[in-house]
Amino acid sequence: MISKQPFLPFLITIVFVFTSLLSHAGSPRHSIQGLILDAELSIPLEGVQILLPELKTGAISNELGQFRLKNLTQGEHLIRISTLGYEVLEQKIEVGATTSILKFKLQPKAIEIKEVIISETKAEYTLKKIRALDLDLRPINSSQDVLRSVPGLFIGQHAGGGKAEQIFLRGFDIDHGTDIHLTVDGLPVNMVSHAHGQGYSDLHFLIPETIHEVDFGKGPYKTQAGNFATAGHVGFQTKTTLSTNLVKLEGGQFNRMRLLGMANLIPKNAQHHAYVAAEYFLSDGFFRSPQNLSRINAFAKYSGQLSPNHRLLLSASHFQSQWDASGQIPERAIRSGLISRWGAIDSTEGGNTARTNLNVSLVSSQENGALVRQQLYVSQYDFELFSNFTFFLEDQENGDQIRQKEQRSIYGYRGAYEKFSDWNGREMYTSVGGELRVDEVKNNELSHTRNRTEVLEYLSLGDVMESNASVFVDHKIEFKRPLTLEAGLRLERFSFRYQDLLTARYDPKEVAKWMLNPKFRLSYQLSPSLQLYAYAGSGFHSNDTRVILSNTSQNILPRAYGADVGGMWKPIPGMIIQGAAWGLWLDQEFIYVGDAGIVEPGGRTRRVGGDLSIRYQLSPKLFLDADANYAHARAIEEAEGQNFIPLAPRFTSVGGLTYRDPSGIEASLRYRHIEDRPANEDFSLIAEGYSLLDATLQWNFPTIQLGARAENLLNTDWKETQFETESRLREESAPVTEIHFTPGTPFSVYLFAAFRFQ
């Protein structure tokens, strides 16, 4: 059954939509259409602001670089075109009796915060420009480093560098992706009903140098993001072309080596672009038992302007990785001298994984100015992981090693219709779309193994078929110049199917679930330098298909409710401050524990907190950024003192200084800090916090880049990931519950050199 409560906002949104589709402002006497391109790369530029100051009208370029200005008076007018990272273009244009089509090319330049305009026509582009600034300034060594650019998001590695990172955001221990929606060029990263756990998100298939921009948001407010979008969403967009060809070599301690090559396949062309990128990475890690990590990435992308109104994007990638791991170690083993901080109890842990993707997108511009987006994708995925968290707790003779394994195929389609329109002088935006994703998982396995080679017992083994179909509508209307309301609805249908292969007969279990979620976003332009906003909406806490084996109630997809109140302020030309107070409430948190093959109900939860971000350009060469985030996370139905949510981050902060000189010298000093957290429900065990400093120094010459990066400058002893775990060592007569952890990187340095060529 669909809840009746969301139907009122549904009807309101439908009224908005039909109002925009049926209303007319009359046929304008004159209009102009235009195209904005990067002068060097000849690629269309999205989010460029176009203004006619004399007429007090403007527009924002779409994904095809197109814009349209209507209701113009005939004659000569000044046009002003600007966006972050490009020279401002001003020139006179002639508006005549017929529609004109103009082409403008913008020259790239160094990014400056003073160019960011809080009060521009589309507020979301302000945020995009700040994110572009972060990506441009921060040293990026892996796709996981890009995740750290999301304010308040923390990550940790605890399995030799080949396993997906653990993620923390807004009071959630997201594990490997339970409550954050991750995509690359619209391709889903999260794996539903994964062998290791729901939402498992391995981003290692993304080559960091191919990233063009990162779009993110916190809370369940984005209509286009459904499954996993509880704490937030992050979308990576890759480049459509390369500014130069590149060969890069990195090397450093612990036998670390990385080789990267990137090359354009088509000479500079305004209509067609294509390039390839390949990466090879090796590392033994800093553990006594070498991790023997090796990773291969290959990526190819084509972007073609099939016509002025049709753009085709086609990409293909392949990734494979294998590694050994020392795993999580108990504190008592170090205290007793059994192992060192870098030692291992079971050095046979590790795994291998591979993923192949094909992604096709078509963006079309309609005669009425609307955009139609369509996307088809397919992924083939393999995964095998060996772990031992409890050592000899269950099997004192063979040990407790487990294997988690699966083979998966993913098929998906996404389509959307987007249109800006005018209604009695008010600007309106409508987006209607839908998507379908199907995951077919074969031999989803949890087994008890020995030395990676022998299966002692199958604990669970089955086939999963999960599909998610959704439709959404999003409508934005500018009621009065300072006030904008956006209302949206997203309707989901999930179909879960599981066949237990350990039973003698064919008896698949199936269940389906519908859910309707409203979203609201209100913004108010208080002044040219201050914008306030309020968001509210509902989503859901995603669940594993195998949950249906023990829970077939209406709580299969427990609802999540969120609210944000905040603002963006530019007190001086070189500074931008963004802050928000927020809350998230979940009706239930069912968790499928892939390491044990069981379902753990977490009950109702509440998280409230605050975010603060500062971007400050102290001088033309020096940039400062800082993010501070606080979260108060509690289980609502538990007694006071017994209601802590294990590993929920309380206070985190990330920031740094970046120096960029026109001569080519660049330097960055960055910190990250996380406060002590509860490791269990009564806070009797503590997941210790830490503070770290990293630094990067590089020299950029016309064709060569040389640099060095130092991690953990102060050589701090820190615990990267920590868990409350009950375990037993071989010589122990009884189990012990305490903190088990993976040690963090010691002080280390690596060098890199890159050669650029045309």
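Which residues does Val234 touch, not counting residues up to four places away in sequence? Select Val234: the residues in contact (heavy atoms within 4.5 Å) are Leu147, Val150, Ile180, His181, Leu182, Thr183, Val214, Asp215 and Phe216. This is a predicted model, in which local features need pLDDT of at least 70, side-chain atom pairs count only at pLDDT 80 or more, and totals for chains, interfaces and linings use all residues. Residues are numbered from 1 along each chain as its sequence is written, and side-chain values use heavy atoms, with hydrogens and water left out.

Next, select strand S11, residues 180–184. Strands here are DSSP runs of E of at least two residues, numbered from the N terminus. Five of the five residues of S11 are buried, that is, under 20% relative accessible area with a 1.4 Å probe and protein chains only. Ile180, Leu182 and Val184 point one way from the strand, and His181 and Thr183 the other way.

On strand S12 (residues 187–188), the pairing with S11 is antiparallel, over two bridges, and Pro188 stands opposite Thr183. S11 and S12 form a hairpin with two residues between them, and Asp185 in the turn has a positive phi of about 50°.

Now display the largest nonpolar core, of 43 residues; Leu147, Leu153, Ile167, Ile180, Val234 and Phe236 have the most contacts inside it. A nonpolar core is a set of buried Ala, Val, Leu, Ile, Met, Phe, Trp, Tyr and Cys residues joined through side-chain atoms within 4.5 Å. The largest share of this core, four residues, comes from S22. Apart from it lies another core, of 20 residues, among them Phe391, Ile674, Ala687 and Tyr690.

Move to Phe391, in the loop between strand S22 (371–387) and strand S23 (402–423). Phe391 counts as buried because its relative accessibility is 1%. Its phi is near 70°, a positive value in a residue other than glycine.

Finish at Lys163, in the loop between strand S8 (154–156) and strand S9 (166–169). Lys163 is buried, with a relative accessible area of 1%. Its side chain makes a polar contact with the side chain of His196 (3.1 Å); such a contact is a pair of N or O atoms within 3.5 Å, one able to donate a hydrogen and the other to accept it within protein, and residues adjacent in sequence count only if both atoms are side-chain atoms.

Methods. Buried means under 20% relative accessible area, exposed over 50%, partly exposed in between (1.4 Å probe, protein chains only). Two strands pair if DSSP finds at least two bridges between them.
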